[in-house]
Amino acid sequence: MTDITPTAAGPLDGVRVIDLSTVVMGPYAAQILGDLGADVIKIESPADTVRVGQYRTTPGMTPLNLNVNRNKRSVALNLKDDAEREQALKLIDTADILITNMRPGALARLGLNYTDVAERNPRLVYAHAQGFRGDSAQAGNAAYDETVQASSGLVDVANRALGKPVYLPTIIGDKVSSLTIAYSVLAALVHRDRTGQGQQIEIPMTDTLLAFNLVEHLAGHTYEPAEGPTGFALSMTKGHAAVPTKDGLACVIPYNPKNFRDFFAAAGRPELAADPRVNGEAIDRADNEWLTERIAACAPALTTEEWAEVCAKHSIPMAPVLELDRAHEDPYVRDGHLLDAVEHPSEGTIRTVGIPVKFSATPGSIRRLAPLAGQDTAEVLAELV
């Protein structure tokens with residue numbers, strides 16, 4: 001059982017963040033800042049959909065809520081009420097960073113857009129995340145992770161590689177945007193601390209995921225005129241997937257000719273190890289499909305553990321497929337405290353995802369588990385007096 005350390009300080013100790021966002025994108029970004037030591041105050045609306053769904057004992061304490069709202073204090077305020085909105089503004093006056101994904105029209109009606117709050121707190125770093133750029137024709141459109149996967153080209157990549165226009169089974173648009181919010185506000189904070197000047201940052205999900213997607217998939221269209229198709233050759237190879245071993249599933253990715261020769265030799269296929277396609281100076285990517293088929297055919301020769309030993313010996317990239325239902329038993333996960341059990345005040349024993357980065361001088365910490373809606377209202381508002 002992991003201990004919670006209420007007094008631990010991280011690299012963002014002394015920074016105050018107002019989380020005026022809902023669901024995952026904004027809250028996850030704010031949680032990251034909280035993990036790194038920031039004082040995060042979440043202003044809860046009467047109905048945040050992240051609190052709707054499965055829960056163990058307490059309404060609103062869903063798994064998703066528990067995973068994006070730790071290291072925060074929750075203040076319940078009805079922003080449509082004049083007095084409570086003024087309390088929210090007073091909290092924003094004390095903040096270094098504000099994160100919101102409310103639509104621009106709603107922010108304007110509530111007097112919470114950047115111009116309004118910057119008049120009161122010109123040092124504020126104001127991060128506004130939304131589905132599409134504010135200057136685009138789609139600016140006011142609703143956006144969900146699936147729509148962003150479509151509008152960023154990710155569904156096209158899946159369709160071409162898999163033959164089906166599927167969505168990735170993870171909310172990648174939300175989470176990549178969360179990371180983008182986090183690094184953007186920290187960069188703006190550095191600028192603010194040098195100049196005293198706050199600023200507004202716009203983080204459009206579609207633009208963010210498109211930029212993320214095209215790092216490798218722009219490929220031949222990097223050049224003008226194009227010198228080849230879009231799509232990263234290895235990722236787009238038919239059959240590019242984890243393979244069945246003698247007793248399970250593993251990712252085995254020989255990457256250079258020597259990797260392939262060592263792999264085929266270990267599988268007892270000397271004729272493949274002698275093949276000219278793996279005996280040149282480099283792999284011809286035109287052979288990707290043939291090589292992928294050979295990997296899948298050879299992998300059942302050994303168990304997953306045997307392949308792990310072979311691949312470690314020969315520096316072949318390899319990893320067993322982690323089964324999420326048993327992730328907490330995996331030695332790597334366990335030893336890295338990536339999925340420890342903790343005692344939640346209302347939910348009992350839960351598992352919480354660990355902090356993935358390590359600081360030698362100012363480590364992050366889990367100081368508070370996700371709060372009940374509004375549980376810290378009195379404490380936080382008392383600090384305004």
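Predicted model: local features only at pLDDT ≥ 70, side-chain atom pairs only at ≥ 80, totals over all residues.
Q: What makes β7 and β8 count as paired strands?
A: Two strands pair if DSSP finds at least two bridges between them. β7 and β8 (residues 249-252) share 2 bridges in the antiparallel sense, so they meet that cut-off. In one of these contacts between strands, V243 has A250 of β8 as its bridge partner.

Q: Why are β7 and β9 called edges of their sheet?
A: The open sheet has 3 strands in the order β7-β8-β9, paired antiparallel. β7 (243-244) and β9 (318-320) each have a single partner strand, so one side of each has no neighbour in the sheet.

Q: Which helix lies across β8 and β9?
A: That is α13 (residues 304-314), and its angle to β9 is about 155°.

Q: What makes L33 stand out in the largest nonpolar core?
A: This core has 29 residues, and L33 is among those that touch the most other members, along with V17, I97, I99, I181 and V185. Contact means heavy atoms within 4.5 Å. Leaving aside residues up to four places away in sequence, L33 touches L12, V17, A38, V40, I97, I99, A182, V185 and L186.

Q: Which elements supply at least two residues of this core?
A: They are α1 (25-35), β4 (97-100), β5 (125-130), α8 (172-195), β6 (199-204) and α9 (205-217). The most comes from α8, with 7 residues.

Q: Which residues does the second, separate core include?
A: Among its 23 residues are L89, L112, V117 and V380.

Methods:
Residues numbered from 1 in each chain as written. Heavy atoms only, no water. Helix = DSSP H or I, 4+ residues; strand = E, 2+ residues; numbered from the N terminus. Axes fitted to C-alpha atoms, helices over the stretch in contact; angles between N-to-C directions. Core = buried A, V, L, I, M, F, W, Y, C linked by side-chain atoms within 4.5 Å. Buried < 20%, exposed > 50% of the residue type's maximum accessible area, 1.4 Å probe, protein only.
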